[in-house]
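This report describes the fold and selected local features of one protein chain. The sequence and the coordinates are shown first.

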Amino acid sequence: MTAKSGPTVPEGGTTGTPPTAHGPEGGTSGTPPTAHGPEGGASGAPHPHHGPEELCEPARRLYADALQQGGITAAEADRVPCLARLGLLRPDPHDPGRLLPVPAAAALTELLAPLTRDIHARVAASAALVEALTPLAPLTGPFDDPAVTVIQGKPAIQAAVAEAGKTARKRILTLHPGSKRPDVMLEQARQSAIEPLRRGVSMRHLYQHSARYNMNLKQYVDRLPQGDLQIRTLEQTAERMFVFDRSAYISISPERDVALCVTHPALVRYLAHVYDVLWAGATPFGEPLRTSSPDAPVTAVQRSIARLLAAGHVDDDIARRMGISVRTCRSHIARLMQTLGATSRTHLGALLIGSGIVEAHRRD
């Protein structure tokens, strides 16, 4: 059985040879022994195995005796070599067979000295490298990965997405969170969608269920040439995303004024796969949503809100996830409380768990 290896003492000290954890054991010359040599003194009693920076209980007791008696014999020190290894003993200049105790603070200072010198040397080297290389940064310019670029500003994002739509030949996949669809935005989207649909491009839109109640979206759908256009809705969705033949655009800011343009083929394929997974769980726009659970007198939206409430989400977060306003969200919560006879939000949480509403949703 070997002793555990402790932290490595950095090599290359500048001056002196301080005690290390890797010298020969058991000597009385002041060179600390290692924890990897034979461990057992003249008496033959085995020394407990431990790391080179640790003290065993026999060593603690013997060190206390050395302090009380003013020293110990070399034979006693041989039984616990970790005392000498950590510099807690030194030879008695007047008695070769005796060792004197070294104050713990003095031994610690001696052991830390090479580490301190090494740290100062490394910090100085780091500062020198920074000073030497920093002036070269303006010459090389910023490093940009051409496969992922940042687009800032809504006009720039809209222009980039529109241009990608003009060159698409196979697919256009869009993902839209929330329920608000201004007339101007939908008209721009309609104009951009007409030509690709006429070229035979497959186009799919994913919205949240709450968008079904937006009259502007219904008019947008009615005014588009059907072709290969498909629209579905789902309860919750990710941030806005567009996937084309060879590129994808992902919104990355709450205001949706910063986006990533992804052109790496593997990343574009992955995003298209994520879209397909969401699409498979969505409901076609022309099909009605199931409005109630067979075993609970609540709507599908209220069941979704109940599940999020039971998971500990607050009103603002629930509204964002559901794509509805906070006011509408709280109105649904109020109806849940009325339906279940809850007298408080805390009471509602307990009733949701006991009523089977949340469990019913998880089985769907």
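## The chain as a whole

The model is predicted. Its secondary structure consists of 14 helices and 13 strands. The protein has 364 residues, of which 37% are buried. The accessible surface comes to about 20,900 Å², and carbon and sulfur atoms supply 58% of this area. When contacts between residues at least 6 apart in sequence are considered, 67% of them join residues at least 24 apart.

## Helices α10, α12 and α13

Three helices are treated together here: α10, which spans residues 300–310, and α12 and α13, which span residues 326–340 and 345–355. The table gives the crossing angle for each pair.

| Helix pair | Crossing angle | Axis separation |
|---|---|---|
| α12 and α13 | roughly 65° | within 10 Å |
| α10 and α13 | roughly 110° | within 10 Å |
| α10 and α12 | about 90° | 10 Å |

How are α12 and α13 oriented to each other? Angles of 65 to 115 degrees count as roughly perpendicular, and α12 and α13 are therefore roughly perpendicular to each other. The crossing of α12 past α13 is left-handed. On the α12 side the contact is made by Ile 333, Leu 336, Met 337 and Leu 340, and on the α13 side by Arg 345, Leu 348, Leu 351, Leu 352 and Ser 355. By class, the residues of this contact comprise 7 nonpolar, 1 polar and 1 charged.

For α10 and α13, the angle of roughly 110° makes this pair roughly perpendicular as well. Ala 306, Leu 309 and Ala 310 of α10 meet Arg 345, Leu 348, Leu 352 and Ile 353 of α13. This contact of α10 with α13 contains 6 nonpolar residues, no polar residue and 1 charged residue.

The remaining pair, α10 and α12, packs at an angle of about 90°, and these two helices are therefore also roughly perpendicular to each other. Val 301, Gln 302, Ile 305, Ala 306 and Leu 309 are the α10 residues that meet Cys 329, His 332, Ile 333, Arg 335 and Leu 336 of α12. The contact of α10 with α12 divides into 7 nonpolar, 2 polar and 1 charged.

## Two residues of α12

Is Ile 333 buried or exposed? This residue of helix α12 has a relative accessible area of 2%, so it is buried. Apart from neighbours within four places in sequence, Ile 333 is in contact with Ile 305, Leu 309, Asp 315, Arg 345 and Leu 348.

Beyond neighbours within four places in sequence, His 332 contacts Val 301, Gln 302, Ile 305 and Ile 324.

Ser 251 is found in strand β9, which covers residues 248–251. With a relative accessibility of 10%, Ser 251 counts as buried. Its contacts, leaving aside neighbours within four places in sequence, are Glu 239, Arg 240, Arg 256, Val 258 and Ala 259. The C-alpha atoms of Ser 251 and Cys 261 are 9.2 Å apart, for a separation of 10 residues along the chain.

Arg 256, one of the residues in contact with Ser 251, is found in the loop between β9 and β10, the latter being residues 258–262. Its relative accessible area is 28%, so Arg 256 is partly exposed. What is the phi of Arg 256? The value is positive, about 60°, although Arg 256 is not a glycine. Most residues other than glycine have a negative phi.

## A residue of helix α4

Leu 108 lies in helix α4, residues 104–133. At 49% relative accessibility, Leu 108 counts as partly exposed. Leu 108 and Leu 88 are 20 residues apart in sequence, and their C-alpha atoms are 8.9 Å apart in space.

Terms used. Residues numbered from 1 in each chain as written. Predicted model: local features only at pLDDT ≥ 70, side-chain atom pairs only at ≥ 80, totals over all residues. Heavy atoms only, no water. Helix = DSSP H or I, 4+ residues; strand = E, 2+ residues; numbered from the N terminus. Buried < 20%, exposed > 50% of the residue type's maximum accessible area, 1.4 Å probe, protein only. Contact = heavy atoms within 4.5 Å. Areas by Shrake-Rupley, 256 points an atom, 1.4 Å probe, with all protein chains shown as cover. Axes fitted to C-alpha atoms, helices over the stretch in contact; angles between N-to-C directions. Parallel < 35°, antiparallel > 145°, perpendicular 65-115°, else oblique. Left-handed = near helix turned anticlockwise from the far one by under 90°. Nonpolar A, V, L, I, M, F, W, Y, C, P; charged D, E, K, R; others polar.
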